[in-house]
Amino acid sequence: MKKLSRKKFIQKTALLTGSASLLLSSCTSGEEKKIVTPNIITNKKYRWRMVTTWPPNFPVFGEGCTRFAQMVSEMSGGRMEIKVYGSGELVPALESFEATRVGAAEMYHGASYYWAGKDTATQFFASIPFGMNAQQMHAWILNGGGYELWREVYDRFDLVPFLGGNSGVQMGGWFNKEINSPEDIKGLKMRIPGLGGKVLEKAGGAAVLVSGGELYTSLERGVIDATEWVGPYHDYLLGLYKIAKYYYAPGWHEPGSVLELVVNKQMYNALPLDMQKIIEHAAHSLHLWGFHEFEAKNNIYLDKIKRESQVEFKLFPQDVLDLLRGKMDETLEEIIADNPMSKKVYESFSQFAKQVRGWSEYSEKLYHNKISF
Ligand code: CA
């Protein structure tokens, strides 16, 4: 075995013992000093707070945050400990963005479409009705120019965003009224937030605001005719299969909702480079885990719903989907008309969506249509 040079030996020893001070004290030449950076030798402890838009320990969403905090602690050797707060524990869910912006918390976990009231451009980084699916969204954000735009939009609020999971394509929702034609949308009272709700209203329905905690009784008592929630896993846990007649697909309103982990920019920039990288890569890990946890659990719970209930599975008729899609196009025109940043993001988003759909005709879509397991 080749004899190690003194420099290499010192580097290896320092890595093994985790002792950066050994490296520092052993180096004498200018060249050797270059590899010692303040990023390695700092022992500063960080005690951070993460607020979330989810109830404490909410399956996948909240669970993922706890896993993220644990990972950061382990990767940093305990230099950073993050305390995760469920919605309402430190601030209400929908104040997470603002709380992190002003530094009342160092980071939050949520979804960017909650902040459309701050800037309509934010919602392109979560999910757009009739937009891209999860895989395509990730490709746009990570490899197609989306991330640079996301940074630009959030930079104006002194925030740094990272991917933090994805629900995958959601279900269309639970209905006690059958949808056979566009006429059936008229007067339909449905809990469906965000852009999906706007589209429903344009098509003649009524988007009703109901919190997660009141969903079950609202549907049971007929206060609403229908509700969307997430997908089989979360919908099962809420018990919606016990009180609805029909379970509709596809989830046209949320084809792949991206979750986000967002850090206060000033606090992030003040971190040493290795801590910044730990947050970045722990977020990537959270993102992968969250996305695939949905895929792994939804199929199990879909099966349970089919076995344990009388719910009828139905597909939205094509003319209903066409009507809703037309209304979404109108909504997009309105969004980009009065916000140059939204227009800029939309142009990148729609250009990527168009191209990626060309490929999907030959890849995922064709594969799923032609190959059955
Ligand atoms: Ca939903």
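**Notebook: pockets, a cavity and a helix pair**

I began with the lining of the largest pocket and asked which helix gives the biggest share: α13 does, with 6 residues. A reminder to myself is that this is a predicted model.

**Entry 1, the largest pocket.** I looked up its volume, and the largest pocket comes to about 1600 Å³. I then went through its lining, which counts 36 residues, and noted N133, V169, P250, P255 and H368 as the closest to the centre. Two or more lining residues come from each of α7 (134-143), α13 (273-308), α14 (318-337), α15 and α16 (364-370). Sorting the lining of the largest pocket by class gave me 16 polar, 13 nonpolar and 7 charged residues.

By class I wrote down 22 nonpolar, 14 polar and 4 charged residues for the second largest pocket.

The largest cavity holds about 60 Å³. I listed its lining as G172, F175, I179, I185, L188, M190, L200, W252, F316, V320 and L324. That lining splits into 10 nonpolar residues, 1 polar residue and no charged ones.

Last, I checked how two helices pack. Helix α8 covers residues 146-155 and helix α15 covers 340-360; I read an angle of about 165 degrees between them, with the axes 10 Å apart. Angles over 145 degrees count as roughly antiparallel, and so α8 and α15 are roughly antiparallel to each other. I also noted that their crossing is left-handed. On the α8 side, the contact is made by L149, E152 and V153, while α15 brings M341, K344, V345 and S348. Grouped by class, the contact of α8 with α15 has 4 nonpolar, 2 charged and 1 polar residues.

**For my next look at the model.** I have marked α13 to colour when I display the largest pocket, as the helix with the largest share of its lining.

Notes: Residues are numbered from 1 along each chain as its sequence is written. This is a predicted model: local features need pLDDT of at least 70, side-chain atom pairs count only at pLDDT 80 or more; totals for chains, interfaces and linings use all residues. Side-chain values use heavy atoms; hydrogens and water are left out. Axes are lines fitted to C-alpha atoms, for helices over the stretch in contact, and angles run from 0 to 180 degrees between N-to-C directions. Helices (H or I, at least four residues) and strands (E, at least two) are DSSP runs, numbered from the N terminus. Angles under 35 degrees count as roughly parallel, over 145 as roughly antiparallel, 65 to 115 as roughly perpendicular and the rest as oblique. A crossing is left-handed if the near helix is turned anticlockwise from the far one by less than a right angle, and right-handed if clockwise. Contact means heavy atoms within 4.5 Å. Ala, Val, Leu, Ile, Met, Phe, Trp, Tyr, Cys and Pro count as nonpolar, Asp, Glu, Lys and Arg as charged, and the others, Gly among them, as polar. On a 1 Å grid over the protein atoms alone, a cavity is a set of points where a 1.4 Å probe fits but cannot get out, and a pocket is an open set with protein on both sides within 12 Å along at least five of seven lines; lining residues have an atom within 4 Å of a point. Grid points are joined across faces, edges and corners, and a volume is the space filled by probe spheres set on the points.
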